[in-house]
Each structure stands twice: as C-alpha cells, then as structure tokens.
Amino acid sequence: MKCDKCGKEAVIYQRYSGMHLCAAHEIADVERKVKKRMRQEKMVIPGDHVAVGMSGGKDSAATLSILAETFGKRPEIKFTAITIDEGIEGYRNFSIPKVKELCDRLGVPHVVVSFKDEVGCTLDDMLKRERKEASCTYCGVFRRMLLNKKAREIGANKLATGHNLDDDAQTVLLNVLNGDVERLARLRPSRIQEGLVPRIKPLMDIPEREIALYAFLKKLPFYLGECPYAHESLRGEVKDMLNDFESRHPGTKYSIMRGFDSIVDCLKEKYRQVPLERCEICGEPSIDKTCQGCKLKQRIHIKI
Ligand code: SF4
Ligand SMILES: [Zn+2]
Ligand SMILES: [Zn+2]
C-alpha cells in the first residue's frame, strides 16, 4: 500500500481516518496531534518545570522525546525525568537503563525513586505479605504518591505522563463497569489541589499502537517487556475487549472519549472536587485523615 500523502510505501493504515501513511507522515501525524492538544490545553508554557514520569516503555519514551524536541531549546522551560522503581524482579532492572539511555541522548536529568527506600518495601515483598487485591492496586497507590512527591520536591509545577488514547478509553469503560461514576469525574480534574502537581497527558489523543510505531520509527530506546503483574488486572480484560471492538468498529476509542468529554461537565457538577487534607502521618495530600499509602502500610505491617 502507498502513503495517501506522498505515494511512498505505507507503514500503517489508520482505519479510523481511512489513511495509509508512510513512516515520515505517520511521525508527522503523531507529532501534529500531540502539539495541537498541548497548544489547546496550554500544557507547557514558559517558566514551566515539567517532571516526566518515565517507566521505560514506549509511551513515556515518546512523551519525553516529543516534549524535549518541541521545547528543549527553550531555556525558560525545564524537564526532569522521574522513574519509580517499584522493585519488580525481572522488569524494572531492564527498563531503567532504557530511560537513562534516552535521557542521556536528550540531555534531560533523570532521578530514580525506589519503593524500597521510600516505602520501606519492594512491591514483590509487599505482595508476599498480602494479596487481597490485584497487584496494580498496591503498586498504584505508592507509585502515584511517590511520583507526585518527587515532582513536588524537585520544584516541578507540572507532571507529564505517557497516558494514551487507549489508557483513557480503558479508564472510562473500567469505571463504568465498576459503577464508579465519581472516579470518572476525576479523570478531568477541574481545579488545582494543594500538594498535588497538576498532570498533563500529551499523548491522550494517540492510539497505543501508533505510539509503539512512533517510538520504533524514531529509534527511541524503550523496553518492550511487560510487567509480570499486568495480566492480573481487570484493565487487561477491558483492553482486550476494546481492541476487539476497535478492530470491528474502527474509531470506537475516539468515540468513547468524545462521549465522555460531552458529559464530563455534568459529572463534575454532580461530584464536586473536595479540597484535599494532609495525611496526619506522612503529610501527603489525602481525601481522609490518613492517606491510602499509610493505611496500606499499617495493614501490611510496614514500619511507618
Ligand atoms: S502493571 Fe501494575 S504492578 Fe506492574 S508496574 Fe503497572 S501498576 Fe505496577
Ligand atoms: Zn508519506
Ligand atoms: Zn500518609
């Protein structure tokens, strides 16, 4: 098949747009969409110090690469990559070197924060103590907390993550399946909460498979392996279901987000964001007097 824009060999067929694109035009298409969204939402502005959550996978690699290429030459905008090392044997030890390689290439400082140092226990050890819930639930509580804490400590005023179109569409569907409509409203926060570094998601309009292709075509260093706990979550099932739908009904993922965006203001009206308190134990922002991280630590007997 030939590229619909220039006639060269196509590397992808975007079923949702009906376009065949060559490598150069697919790269340009991804970058155009990301830059358009960043402009629309003023995601990065002069004076920003953006922390970028880096797992070492394709999504975070593409996020950092596009941010650095777009704004890297502007001295008034600063980037720092942050990797959370959860302590997952046979996974993080392979992905962290990839982040380092990319950061060195782009000239971006990189900090690694480990569960072991900050929480007092690796995720692997945590799961040996208790497995009442999916591994990602334990992981997510501390990962979110540490990412935010480190971003705040280094003085970042924004926190970029590699969430893509698939991630957001999965989150919408997952919360509907769980009947957790309040959590749905939180997908688009309406105000800045004290102690929480505002998040930006530059890749939110890009399907996951196109990010993988983009990272590959741009020869970005990234780790292809998957977290050994990933298959346990309900998200995995939702992901398969959505991919199946998308292949039979192209554009489904975009439709879900379009539908969600048309009702999100009503949801935010009904479920108003409550101001966060400070955890009485660790001082991190929390809905309750004790944050989820400290509750979990107490429950699984990690010293606080
Ligand atoms: S897949 Fe789950 S356990 Fe693995 S890093 Fe992601 S959130 Fe943590
Ligand atoms: Zn082309
Ligand atoms: Zn706490």
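This briefing describes the sheet, an aromatic cluster, a surface patch and some individual residues of the structure shown above.

The model is predicted, so that local features need pLDDT of at least 70 and side-chain atom pairs count only at pLDDT 80 or more, whereas totals for chains, interfaces and linings use all residues. Residues are numbered from 1 along each chain as its sequence is written, chains are lettered from A and ligands numbered from 1 in the order in which they are written, and side-chain values use heavy atoms, with hydrogens and water left out. Helices (H or I, at least four residues) and strands (E, at least two) are DSSP runs, numbered from the N terminus.

**The sheet**

- An open sheet is formed by 5 strands in the order β5-β4-β3-β6-β7, with parallel pairing; two strands pair if DSSP finds at least two bridges between them.
- The edges of this sheet are β5 and β7 (199-200), each of which pairs on one side only.
- Strand β4 (residues 78-85) runs parallel to strand β5 (residues 110-114), and the two are joined by 5 bridges.

**Aromatic rings**

- The structure holds 5 aromatic pairs, where rings of Phe, Tyr and Trp (its six-membered ring) pair if their centres lie within 6.5 Å, and planes under 30 degrees apart count as stacked, over 60 as edge-to-face and the rest as tilted.
- Phenylalanine 94 and tyrosine 223 form a stacked pair, with 5.9 Å centre to centre and 25° between the planes.
- This pair links distant parts of the chain, 129 residues apart, since phenylalanine 94 is in helix α3 and tyrosine 223 in the loop between α9 (208-217) and α10.
- Phenylalanine 94 is partly exposed at a relative accessible area of 45%, and tyrosine 223 is likewise partly exposed, at 21%; buried means under 20% relative accessible area, exposed over 50%, and partly exposed in between (1.4 Å probe, protein chains only).
- Ring pairs also bring Tyr91 into a cluster with Phe94 and Tyr223.

**Surface patch**

- Leu177, Met241 and Phe245 make up a nonpolar patch on the surface, and together they have about 280 Å² of accessible area.
- Patches are made of residues with over 30% relative accessible area and no salt bridge, like charges being joined within 9 Å and nonpolar side chains (Val, Leu, Ile, Met, Phe, Trp, Tyr) within 5 Å.
- A salt bridge is a side-chain nitrogen of Lys or Arg within 4 Å of a carboxyl oxygen of Asp or Glu, while accessible areas come from the Shrake-Rupley method with a 1.4 Å probe, and for residues only the protein chains shown count as cover.
- Phenylalanine 245 lies in helix α10 (residues 234-248) and is partly exposed, with a relative accessible area of 40%.

**Individual loop residues**

- Lysine 42, in the loop between α1 (23-40) and β3 (49-53), has a positive phi of about 45° although it is not a glycine, and it is exposed at 58% relative accessible area.
- Lysine 219, in the loop between α9 and α10, has a positive phi near 55° and is exposed, with a relative accessible area of 66%.
- Threonine 161, in the loop between β6 (158-160) and α7 (165-178), counts as buried at 6% relative accessibility.
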